[in-house]
Amino acid sequence: MKRMIHRNANVQPYSLALVESLSKNCGKDVHSEIASRAFTQALDRLITDRVRVFTSCTVHRLKQSGQTTHDRVRQKALTLIGMWAAEFESDPTLGLMEECYDSLKAKSTPSCTLCHLIIDLSYS
């Protein structure tokens, strides 16, 4: 988790790729860790970074005021959350990931790029 919230944008994608690989190749114990409160909060912090409340122009203001999470890292994290929410929805013990997804979706507004990424994440 330390590497995922690392401020170096070159470190973050590798940590996300590692967690994605672990989720695909390991069992329920690893899935429980991925869907834990600490991990989902770290993902939320990574995506929202310094954002407290989304407004129609929050993302645009962040780009001008020193946003620290790179857009590609944010997009990868959003994609993984959507994938995990879909994958874990059949197991009620892993519901925190779906809560994280729903929370990010609720914070969004349709006028921002970040918001479009969140809203466009749909799982079947």
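Biologist: What is a salt bridge here?

Modeller: A salt bridge is a Lys or Arg side-chain nitrogen within 4 Å of an Asp or Glu carboxyl oxygen. Keep in mind that this is a predicted model. Take K28 and D91: their closest N and O atoms are 2.4 Å apart, so the pair passes that cut-off.

Biologist: Which parts does the K28 and D91 pair tie together?

Modeller: K28 sits in helix α2 (residues 28-34), while D91 is in the loop between α5 and α6 (95-107), so the bridge joins parts 63 residues apart in sequence. As for solvent, K28 is partly exposed, at 43% relative accessible area.

Biologist: How many salt bridges are there by this rule?

Modeller: The count is three. One of them pairs the side chains of E20 and K24, at 3.1 Å from N to O. Both residues belong to helix α1 (residues 12-25), and because they are four residues apart there, about one helical turn separates them.

Biologist: Is E20 buried or exposed?

Modeller: E20 is buried, with a relative accessibility of 15%.

Biologist: Which residues are linked in a network of salt bridges?

Modeller: That would be E20, K24 and K76.

Conventions:
Residues numbered from 1 in each chain as written. Predicted model: local features only at pLDDT ≥ 70, side-chain atom pairs only at ≥ 80, totals over all residues. Heavy atoms only, no water. Helix = DSSP H or I, 4+ residues; strand = E, 2+ residues; numbered from the N terminus. Buried < 20%, exposed > 50% of the residue type's maximum accessible area, 1.4 Å probe, protein only.
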